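Hi,

Here is the model I promised to pass on.

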Amino acid sequence: MKGFLETFKHDHWVMPYLRRYRRLLVLVLFLGFMTFFCGAALMFNSGYLISRAATHPYNILMIYVPIVLARAFGIGRPAFRYAERLTSHNWVLRIVSDFRKRLYQSVERQAVAIRQNHQTGDVLSILAEDIDHIENLYLRTVFPLVIGWLLYLFVVLGIGYFNWAFGLLMLLLLGVIVIVMPLISVAANGRREFQARQVQRTFYTQLTDAVLGLGDWLISGRRQDFLAQQDQPIDKIADLRRADHHFQWWRNLAIQLVFGAAIILIVWWAGLTFTHSQAQANWVAAFGLALFPTIEPFADMSQGVSEWPVYRDSIRRVNHLDGQPVKEVDQQKIGQLTDLTVDHVAFTYPGAERQVIDDLSLRLKPGEKLALLGPSGTGKSTLLKLILGDETPDAGSISLNGVGIEHLQEQRSQLFGVLDQQPYLFDTTVMNNVRLGNLTATDDQVRAALKAVALDELIERLPAGLDTQVHEAGSRFSGGERQRLSLARILLQDAPIIILDEPTVSLDPITERDLLDTVFRVLKDKTIIWVTHHLAGIDHVDQVRFIEDGHFDMQGSPAELYRDNTRFQALYNLDRGQK
């Protein structure tokens with residue numbers, strides 16, 4: 001109980017919606033109660049009708065009312081069931097719709113913080129599972145629990161009306177099913193359910209990371225290690241599920257035995273209470289049969305409660321995600337770009353010991369081209385994140401026209417275009433994919449952009465032309481063609497600064513050279529920051545900077561470095577296959 005109250009003490013996800021839709025919630029619970037009430041009333045009425053009819057009434061009118069009631073309760077039970085299902089799912093879908101919108105807005109507001117504090121698979125787990133868990137909290141726990149307790153009180157009070165002592169006995173006996181069994185379930189089975197979910201979530205994260213690095217697994221020849229890593233959590237989940245099912249079998253057996261004992265006691269009590277005359281004896285079967293429909297909601301209570309630890313974890317996670325502070329920064333706008341300045345910037349990732357960027361400075365004038373080189377892990381991609389505003393420097397500043405980049409995030413898409421290793425193409429037409437760069441672009445402007453990147457002839461040869469479906473992730477086209485489509489999108493975007501994050505890393509040398517020539521030709525008027533791992537196409541840039549351990553190790557124009565720097569000469573010649 002302490003954990004339950006603690007979970008909702010600072011909750012701003014679940015409880016507000018319970019209050020917001022409280023009238024609809026009351027209607028759901030009423031319809032759910034009436035569903036099982038009609039079932040119990042039907043059995044009660046049927047027991048009386050069968051017994052009364054067996055005494056050969058001298059007139060059909062003597063049992064006409066029970067006959068009508070049998071029809072009414074028989075129709076009422078499925079009608080209330082249908083209305084309850086319709087209303088409960090309507091209620092839940094309203095809430096879940098608000099949940100998903102609110103969660104995506106939270107993720108959008110905290111995109112950078114989420115990347116710093118969560119792995120990709122963990123974020124996917126939050127988006128894919130936690131809202132579903134909260135949805136199931138209502139459908140599988142809250143509704144069955146409240147309806148079960150209402151029926152429990154109704155049965156106990158109904159029997160207590162005839163005999164308070166026997167009503168107290170039913171209070172204790174049925175209390176084993178509706179109170180003791182749920183508590184045992186949440187204590188024993190709930191722990192296993194929670195462990196299974198934790199393993200599943202970890203597996204989700206590991207598998208996502210493993211798939212993202214699948215190429216490295218294959219290149220290193222560790223295919224069997226990859227498969228073995230995935231088998232281990234699957235086996236553990238299977239063991240926990242088997243223990244879960246074993247516990248459920250014994251728990252359901254115990255519930256059936258206790259319920260059977262309650263039925264026998266009710267028949268025994270009814271036999272003692274209603275056998276003083278023939279008329280009273282007609283009620284014995286009625287009381288004996290009336291309890292049977294309640295076994296379903298009573299049994300569902302234990303299973304619903306046993307999943308509470310999973311729901312509690314999800315509630316805490318979404319509250320934590322939404323509760324993380326977001327630093328509000330005043331936004332500004334700039335006109336025509338004059339310069340990009342990186343001024344003595346330093347940066348260390350949270351929790352990391354090594355400083356990734358250490359006192360870097362550079363300045364780019366409009367139209368200037370910069371190449372960033374260096375070994376993996378030396379800070380190239382981190383510097384790009386800092387320039388884009390995805391990360392905030394620990395020291396120093398990054399500015400455009402003297403305005404800090406953090407103040408220009410609302411104008412970001414107008415200032416920066418990005419072409420990286422795997423630009424994403426959506427499963428729609430060529431026209432729609434290219435037009436994402438500028439939603440107001442005309443068809444002629446799209447065609448002009450495709451012509452500029454030398455894709456016009458290819459597109460014209462396709463049967464559907466610009467209406468050709470590119471398929472998921474652009475699988476309809478080759479790697480070089482996908483990059484050119486993305487480049488056409490950037491041309492329509494018409495941002496003054498273009499980030500090239502190793503866009504040719506997966507291409508063959510000929511395709512790489514052709515793409516680089518095209519990129520620098522069509523973007524000749526743009527400021528370009530190009531991260532690359534080797535020197536192919538380096539003649540296109542105005543200055544080169546080598547990053548080593550967070551510092552600029554060497555810098556200058558390609559011609560100056562080739563003339564004066566022996567290390568650059570060696571790298572340049574090596575890249576061209578020269579000794």
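Before the sheet, a word on terms: two strands pair if DSSP finds at least two bridges between them, and strands (E, at least two residues) and helices (H or I, at least four) are DSSP runs numbered from the N terminus. Keep in mind that this is a predicted model, where local features need pLDDT of at least 70, side-chain atom pairs count only at pLDDT 80 or more, and totals for chains, interfaces and linings use all residues. Residues are numbered from 1 along each chain as its sequence is written, and side-chain values use heavy atoms, with hydrogens and water left out.

Now the sheet. It is an open one of 4 strands, ordered S2-S1-S4-S5, with antiparallel pairing. S2 (357-364) and S5 (403-404) are at the edges with a single partner strand each, so one side of each has no neighbour in the sheet. Further in, S1 (residues 340-347) and S4 (residues 395-400) run antiparallel and are joined by 5 bridges; Thr-341 has Ser-399 in S4 as its bridge partner.

For the chain overall, I get 21 helices and 10 strands. Of its 579 residues, 47% count as buried (buried is under 20% relative accessible area, exposed over 50%, partly exposed in between, with a 1.4 Å probe and protein chains only). Taking contacts (heavy atoms within 4.5 Å) between residues at least 6 apart in sequence, 75% join residues at least 24 apart.

Gly-417 is worth a click. This glycine lies in strand S6 (residues 416-419) and is buried, at 0% relative accessible area. Leaving out residues up to four places away in sequence, Gly-417 touches Gln-493, Ala-495, Ile-497, Ile-498 and Ile-499. Its C-alpha is 8.6 Å from that of Leu-500, 83 residues away along the chain.

Cheers
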